[in-house]
Amino acid sequence: MNIVIFGPPGAGKGTQSKFIVNKFNLHQLSTGDLLRNEIKNKTQLGSEISSIINSGELVSDKIVGNLIEKFISNNTYKNKIIFDGYPRTLIQAKDLDDLLKKYKQKIDIVLKLSVSLETVKKRILERQTKEKRTDDNEEIAIKRYKTYEKSSKQVIDYYQHSNLLKVVNGEARISEINSEISGLIDAIKGWLWRIWTYKY
Ligand code: AMP
């Protein structure tokens, strides 16, 4: 099963992805982590994208598309991916469908974590002291939230139309979010299993 986890910065996508990875034996694909690794390793790509990331804007659809294809095309991860922070634009959502189709896969569920701007600010400031991310300060947090608001509606509509979207209250306690997400994934797994047994 492939899962997309969607939401603004500070919504808890990373925390919930790690929980899902452990519970359902999946692999986390965080485009933010992949991009930060490029910067950390001082690659050519890293030097091109660092100012974009530090300004709270989005890196081009083409760059992130290339990064995720390396992952999707790897058989180790086949049908076992949780996409964390991808897609973020309508073009990326369509690119993801095309790429998954190319490698004979699909998305089974899209989990949207909803949180307010106030919560985002609070969580990002907490994270800033722990992780020391260069794009985590209040000003850039607001910019990143606005960037999210600008491009997210089309992505949400896209997944609503394909009946994949499930909205989760990201303001709840971590344990409550964990159990809500588990229930949603278990339900999809049960449904996929019934389809599979019906076919074979
Ligand atoms: P994240 O760790 O997901 O919050 O991402 C950190 C930053 O990396 C974002 O603010 C963007 O600049 C960049 N980034 C991560 N994922 C994407 C994506 N799917 N498309 C474009 N830019 C991205």
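**Reading the fold**

Mentor: From the N terminus on, the elements of the protein chain run β-α-β-α-α-α-β-α-β-α-α-β-α. Helices (H or I, at least four residues) and strands (E, at least two) are DSSP runs, numbered from the N terminus. This is a predicted model, in which local features need pLDDT of at least 70 and side-chain atom pairs count only at pLDDT 80 or more, while totals for chains, interfaces and linings use all residues. Residues are numbered from 1 along each chain as its sequence is written, and side-chain values use heavy atoms, with hydrogens and water left out.

Trainee: In what order do the strands of the sheet lie?

Mentor: Two strands pair if DSSP finds at least two bridges between them. Here, an open sheet of 5 strands has the order S2-S3-S1-S4-S5, with parallel pairing. Its edge strands, S2 (27-30) and S5 (165-169), each pair on one side only.

Trainee: How many bridges join strand S1 to strand S4?

Mentor: Strand S1 (residues 3-6) and strand S4 (residues 109-114) run parallel and are joined by 4 bridges. Ile-3 has Ile-109 in S4 as its bridge partner.

Trainee: Is Thr-147 buried or exposed?

Mentor: Buried means under 20% relative accessible area and exposed over 50%, with partly exposed in between (1.4 Å probe, protein chains only). Thr-147 lies in helix H7 (residues 138-161) and counts as buried because its relative accessibility is 7%. Leaving aside residues up to four places away in sequence, Thr-147 touches Gly-56, Glu-57 and Leu-58, where contact means heavy atoms within 4.5 Å.
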